[in-house]
Amino acid sequence: MRGAKSAKWVTGAIIVALAATACGGGKSGDSGSDAKAVDPNGIFSIELGEPEKPLLTGDTMESNGSAVMAGLFSTLVDYKADGSLTMVNAESVTTTDSKTWTVKLKPGWTFHDGTPVTSKSYVDAWNWNASLKNAQGLASWFADIKGYDKVHPDAEGAKQTADKLEGLKVVDENTFTIELTKSVPYFGHKLAYIVFAPLPDSFYKLDAKTRGQAPVGNGPYKFKSWDHKKKIEITRYDGYKGPNKAKNGGVVFKNYTTLEAAYEDLKSGNVDVLRQIAPKDLPVYRQDLGDRAVDQAYSAIQTIAVAFYADQWKKPKQVDPRVIQGLSMAIDRATITKTVLNGTREPATGWVAKGVLGFQEDGGNGVTKYDPAKAKELIKAGGGVPGNKISIQYNADGGHKEWVDAVCNSIQQATSVQCVGDGKPDFQADLTARKTKQVKSLYRSGWVLDYPVNANFISDLFRTGAGGNQGDFSNKELDAKIAKADSAKTLDESVKAYQAIEKDLKNYMPSIPLWYYKVNAGFSEKVSGVAYGQDGDPILTGVEVKK
Amino acid sequence: MGRYVARRLLQMIPVFLGTTLLIFAMVHALPGDPVLAMFGDKGADPATLAAKRHELGLDKPTWQQYFFYMRDMILHLDFGSQIRNGRPVTEVLGDAFPITLQLGVLAFAIELVFGIGLGIVGGLRAGRLADNLILIFTLLIISIPVFVLGYIIKMVFAFNLGWIEPNVATEPEWSQLIAPAVVLGGLSLAYVARLTRTSMAENLRADYMRTAVAKGLPRRRVIGVHLMRNSMIPVVTFLGTDIGAIMGGAVVTEFIFNIHGIGGVIAESISRREGSTLVGLVTILVIVYLVTSLLIDLLYAVLDPRIRYA
């Protein structure tokens, strides 16, 4: 899936791009238990960077904007911590063949401007977001729907020949159908993403400048104000009909230039909820905050991807997967996550992150185990690393240097393959090198769930030509297996098929899994019930403010 | 005098064009594509990228972009819009400038009052204990990097003593700006003090001082008018260029104290390849520099009537 949220932590000037940071929504579970009385109208504050772009459902990809949008909009469905679906604005989402889907809405919902939410609100919004002329970054999410190639041709210079997606049909006020070009068993899970939110009629009357400055949504909160680079305020929408009504009066998103500053303010009581602790404070934050410290896994993974187009891996012959297996087994993940990364990551055992439907223990089939002897053996058996030298490209502005050096050391010590970090000055330069296929050897990569199904971590990354497949990995055998898993009748079967594929990925080694991300955050004494979703963002509606 | 001012104003035009062109070219020469980066790790299809580029006018050659940009800026005072969020650059700058200006004024005031104050004390007591103390103190400030000084002040006064708030709130008050202003003005303060001290110590031995004392003028007048006026020329020169430096050099200080001013915008614009924002910013900074240096040059004549402008 192309074009999901990216570049997390763009706090003020400093871009700390963690990885591809997609947002799925994911609101589940809250643990509101505290003796002090709760003020149902209490307002709390959250640390946030300035959203990079206007707040549009079709263009909000990075985490700062997503955090706000998650409060303003409700989508048809949402998912629980185990990856299973719950209905939000939808009464039901049904299909018999995974190709034609019928959506029934809960009646009586209204937008914050008072107009009703109907099936047309959805269909119009999707058409608008998918249309090439609106150039929305998340448009490709509609690629499954019939007629997408007419509304949004991909090739450069192409003109769109239709304004509306052929596959979307309004049946009545509260029902519409979606026809896909082929069966997609996990399409229902995708609907939780913000790009599938409805838009009120008033949206289309706005001009490009005001659009996205004061969004009118259908979610638990309504927009109040956006004082650029200072704060964004949203307040509870009392007409909200959904299951996740806000337990507080509203949220103030405060802008900080650095995470360090935010942490200092948390300690002095000027901000209530943090989304992340700065590396400097990680060693002490558990002591400082006690049971208000958060340390929780979320569905994201860091990997080292292989630039298969590079001469090193291609000439004179395609690299043997055993060589990459060997490199993988030469990395001491346990020690690096504990020391260099301060326990903020958890060693990965496979390619699919935790909290995703179909996650399995040891999905990597042992390929992530640290075993220097075996590593050496595998590399030798595979014909050795060409030139006996590798480099790992990373962006130097993202705090990646330390672990890249550690990984290199680990590989060098275990296998005597020379390894150096290839630092690009910033995320922009790193991205451009990847896009223009200039990566010389390996590069740092990552993935945060778009939707909580294991297909998202396999098909969207390793299929030939997939959006997330930037290393030009291509294998016909694997493509066939993915196509088969995608054409499964039910979601269950598809998930199982993908589980089998994951176990098998060891034989292709499209990338080297490193570790799963964790939320390391904290909150103040003023609030309780702070929980974090699979995308790593705090769940706004569950927070309770003490009197 | 009038002709001199007119000539100086005319000279500003090539300087202005040159600097903006340089900045524009430099931003474009940096590796990394702002449109590509809008879509992050996961990217977008070529059609969307092309549509975005066209919408932003980034598909035109660089010289055309520069030409249109300068035309809009000069004719309509339109600095263009930011690439990512489409906010007009004037609005972005309008948000960021007041706070930096506030900080700059405060820092400048601290620099002026304490710098000249310490300099006078040191200059009049050259070679004695007070002078030596001041020299050691200023040496200390000059040798500590700005960010270290910032963190030390924060650590001591905010965390250990609890006298000040560690960070500047989103709606800043003057009192919160004192600590960052001290950090920002600190380095220049040391230079001002040393310049004033040396200049005064030297002039104390000048002929006109001897004459003034011999004429029996009161000490206050000898020092206040005769000595100060002549000793201030190098100090004023330094102060003038320093105004610009304070405006542009607040990057580190603003970062440490969570101030959403020019510093942050500069850093952000560079990392996001926001050419138009940067040029807008630099243009304003250049104007500040040019105007202050002109004012300083004119001030010379007031301080020293021997300096004349044709």
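Mentor: A salt bridge here is a side-chain nitrogen of Lys or Arg within 4 Å of a carboxyl oxygen of Asp or Glu. This is a predicted model, where local features need pLDDT of at least 70 and side-chain atom pairs count only at pLDDT 80 or more, while totals for chains, interfaces and linings use all residues. Residues are numbered from 1 along each chain as its sequence is written, chains are lettered from A in the order in which they are written, and side-chain values use heavy atoms, leaving out hydrogens and water.

Trainee: Why is the pair Lys52(B) and Asp59(A) called a salt bridge?

Mentor: The N to O distance is 3.9 Å, and the rule asks for within 4 Å, so the pair qualifies. The rule finds 4 salt bridges across the interface of chain B and chain A.

Trainee: Which helix of chain B gives the largest share of the side that touches chain A?

Mentor: That is α3(B), with 7 residues. Helices are DSSP runs (H or I, at least four residues), numbered from the N terminus.

Trainee: What makes a residue part of the contact?

Mentor: Heavy atoms within 4.5 Å are what counts. By that rule, 44 residues come from chain B and 58 residues from chain A.

Trainee: How do you know how much area is buried between chain B and chain A?

Mentor: Buried area is the accessible area (1.4 Å probe) that two parts lose on being put together, summed over both. For chain B and chain A that gives about 4400 Å², with 53% of it on carbon and sulfur atoms.

Notes:
Helix = DSSP H or I, 4+ residues; strand = E, 2+ residues; numbered from the N terminus.
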